[in-house]
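Keep the structure open beside you as you read.

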Amino acid sequence: SEFRAVPTPDLDRHIGKTVRLHLTHGGTREGRLLQVLDGMARVERRLPGGTMTLAIPLRQIERVEVLL
């Protein structure tokens with residue numbers, strides 16, 4: 001499997017997949033895409049001892065990659 005670029009407007013087609021989001025301020029967020037709603041992408045990250053859900057505004061996402 002490898003990460004492949006997809007258009008940001010198509011992000012909601014990839015619910016349940018592992019995504020890597022490149023943000024406008026230069027950071028990246030990686031995790032399982034849970035939801036795209038109300039201008040926010042929700043991504044679940046696995047951590048030692050549990051998971052954490054991140055809410056990322058779509059307007060801050062510059063580039064999307066999906067693990068295929």
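Predicted model: local features only at pLDDT ≥ 70, side-chain atom pairs only at ≥ 80, totals over all residues.

A residue is called buried when its relative accessible area is under 20%, exposed when it is over 50%, and partly exposed in between.

What does Arg-20 pair with? One partner is Glu-30: the two side chains form a salt bridge, with N and O 3.1 Å apart. Arg-20 sits in strand β2 (residues 18-23) and Glu-30 in strand β3 (residues 28-37), so this contact ties together parts that are 10 residues apart in sequence. Glu-30 is itself partly exposed, at 36% relative accessibility.

Arg-20 also forms a salt bridge with Glu-65, where the closest N and O atoms are 3.5 Å apart. Glu-65 belongs to strand β6 (residues 61-67), so here the pair joins strand β2 to a part of the chain 45 residues away in sequence. Glu-65 has a relative accessible area of 12%, which means that this residue is buried.

Now turn to another pair. The side chains of Arg-4 and Glu-2 meet in a salt bridge, at 3.2 Å from N to O. Arg-4 is partly exposed, with 43% relative accessibility, and Glu-2 is partly exposed as well, at 44%.

How many salt bridges does the whole structure hold? A search finds six, including the ones visited here.

Note on methods
Residues numbered from 1 in each chain as written. Heavy atoms only, no water. Salt bridge = Lys/Arg side-chain N within 4 Å of Asp/Glu carboxyl O. Buried < 20%, exposed > 50% of the residue type's maximum accessible area, 1.4 Å probe, protein only. Helix = DSSP H or I, 4+ residues; strand = E, 2+ residues; numbered from the N terminus.
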